[in-house]
Amino acid sequence: MLQRIMFFFSFIMFAVALQADPGYRYEVDLNHVLNDRVKVTLAVPDLNRNTLKFQLPKIIPGTYTEYNFGRLVHGFTAEDENGQSLFVTHPDVNTWIIKQAKKLKTITYWVDDTYDLTEGKAVAGMSGTNIEEGRHFLLNGHGFFGYFDKFYDLPIQIDVVRPNDFYGSSAYPDVEVIGNRDRYHAPNYAYVVDMPMMYCRPDTATVRIGKTVVLISVYSPNGLVESSFLQQAYSRLLKSQAAYLGGQLPVDRYAFLMYFMAEQLPIGTGALEHNYSSVYCLPEMDQSVLAPFLVNIAAHEFFHILTPLQLHSEEIHHFDFNDPNMSRHLWLYEGVTEYFAHNNQVYSGMISKEEFLKRMGDKIQDSKTRYSDNLPFTKLSEGCLGRYANEYGNVYQKGALIAMCLDLELINWSGGEYRLVNLVSDLTKRFGPHKPFQDKSLIQEIVALTDKKIGDFFTWYVTGDRPLDYAYFFNLAGVAYSPPSDTFVYGLGDVQLGIDQETGHLVVNGIYQLNEFGRALGYKDGDELISVQGQPMPATAFGPYFKGIFAQIKEGERFEVTVLRKEGGLAREVQLAAPIKRIRRVLTPELTYRNQTVDRQDMIRKVWLNQV
Ligand SMILES: [Zn+2]
């Protein structure tokens with residue numbers, strides 16, 4: 001996932017900002033929850049306009065999907081200084097237009113949260129908002145606060161009125177605490193989106209790595225995950241990341257805001273990166289079981305500080321919350337980030353070199369199974385909101401493999417003197433958080449820093465349609481690669497399933513990877529599996545149960561899955577059915593470290609993995 005900062009140093013914007021100081025003043029009251037909604041009040045700055053357009057984002061950076069946060073707003077009211085309502089139109093879900101705006105003094109509305117949305121597209125937990133009275137509030141700014149069109153660079157003050165025993169976790173520096181009112185200051189709207197807050201009874205820990213202070217804030221309703229446990233795991237991880245980056249972490253402060261979900265909500269789980277924090281929405285499970293996953297996901301989000309947060313194109317820098325253009329370089333933003341998250345772990349000895357190869361092999365298998373291997377990655381990037389939305393997941397698989405192969409190619413070309421982490425560092429010096437690169441000239445910039453041979457790499461494997469030549473790249477480091485073979489198997493359609501902690505039933509908790517057969521069945525997030533082929537679901541031993549079913553079916557016959565579907569507060573049984581179709585599966589490739597290597601392979605392997 002991705003993010004950006006917006007700094008417009010144009011004279012006009014600057015003049016507006018001076019004139020309109022002190023900007024927006026928001027208040028949100030967490031002590032008065034009504035129908036699962038909280039009230040937001042905005043004291044409007046004097047903008048001296050006849051008409052104003054108030055907006056909540058359609059999309060936010062890093063999510064690559066349109067969520068329309070305006071749909072959470074109810075009872076929108078605009079008033080003058082005497083409390084008289086002004087005429088408002090609502091031309092689309094994210095927009096309110098106020099005529100007579102010179103009289104406008106106050107806007108109020110009630111906000112719903114996304115965690116229990118029952119209609120429309122579900123918002124992934126880490127990008128959404130939670131209002132759970134007396135327990136937990138996730139205040140992702142884009143779900144609570146809006147901006148006036150053309151005035152997103154005004155400063156914003158946010159007052160959060162909280163329950164007395166709640167603590168507000170965030171990466172905001174200098175929060176003013178006035179009784180049970182926390183006051184935050186943001187220089188502009190983009191900063192508000194970049195600075196989520198989490199409110200609950202505190203379970204927090206702090207890690208200090210060099211000059212960087214890291215807050216770990218956990219909400220785990222049944223206490224299965226504790227901040228003290230993560231403090232140890234993340235301390236080791238962050239130290240290794242600092243070493244990987246040459247000794248220093250790239251920020252002075254950071255916050256991990258972590259929500260662990262006790263019941264299976266029909267929302268996506270995962271994490272979203274920001275400049276100084278990341279938000280996690282994950283199933284609540286025993287922390288020792290979750291530990292390796294929690295390390296991988298935190299490593300990924302933290303490395304996002306490098307890219308796209310500190311190194312990105314104009315599309316991301318000038319991100320338009322309601323009409324964005326997509327950059328063509330997701331291989332850099334998501335691929336490089338994901339690769340660093342794993343390469344760093346083997347480099348520092350947190351995982352073995354065999355485990356590292358296994359993870360890369362799994363990515364090869366997944367990318368060749370689920371996604372097109374001939375789609376140029378730059379095209380995938382540009383089309384990830386529309387035409388290639390189903391290919392988006394490949395940024396974490398083939399995107400990471402592009403980064404790995406590029407790393408090996410750079411080490412080979414430079415005789416071990418230069419690798420991907422150096423290239424990212426040099427590009428960040430050349431550009432940086434306040435100076436975006438031009439999307440179309442990035443590859444030329446990389447060639448200028450390196451070599452024409454590296455340009456060929458991009459022409460063939462990134463802008464071109466050639467599948468990566470894994471045998472060649474792995475061989476550079478003395479790794480033998482035998483390509484994966486195909487097989488055809490029966491399955492449930494590549495639906496993601498979780499176990500409902502209360503009922504013990506399998507529940508659909510992800511449909512974005514459905515294959516053709518899964519799409520024909522028509523699963524929906526939150527569907528609870530009741531029976532398959534008329535055979536009731538067992539309480540345990542799902543493996544043998546499905547094995548038994550798959551042993552009895554034939555291609556082309558009717559396949560039936562009965563689910564309990566909750567819609568509009570009602571639950572009813574729904575029968576899903578489609579003709580049985582076997583699905584091509586790519587097996588994991590064989591990857592082994594050769595014992596017989598030449599010196600150059602040893603050298604490359606040592607630079608690549610910090611071991612031979
Ligand atoms: Zn990411």
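**Labels and their cut-offs**

Mentor: Asn 48 lies in the loop between E2 and strand E3 (52-55), where helices (H or I, at least four residues) and strands (E, at least two) are DSSP runs, numbered from the N terminus. Residues are numbered from 1 along each chain as its sequence is written. This is a predicted model, in which local features need pLDDT of at least 70 and side-chain atom pairs count only at pLDDT 80 or more, while totals for chains, interfaces and linings use all residues.

Trainee: Why is Asn 48 called exposed?

Mentor: A residue is buried if 20 or more other C-beta atoms, placed from the backbone, lie within 10 Å of its own, exposed if 12 or fewer, and partly exposed in between. Asn 48 has 10 other C-beta atoms within 10 Å, and therefore counts as exposed.

Trainee: What makes the phi of Asn 48 worth noting?

Mentor: Phi of Asn 48 is near 55°, a positive value in a residue other than glycine. Most residues other than glycine have a negative phi.

Trainee: Why does Glu 315 count as buried?

Mentor: Glu 315, in helix H6 (residues 314-317), has 22 C-beta neighbours inside 10 Å and so counts as buried.

Trainee: Which residues does Glu 315 touch, not counting those up to four places away in sequence?

Mentor: Glu 315 touches Asn 325, Met 326, Ser 327 and Asp 439, a contact being two C-beta atoms, placed from the backbone, within 7 Å. Glu 315 and Asp 439 are 124 residues apart in sequence, and their C-alpha atoms are 7.6 Å apart in space.
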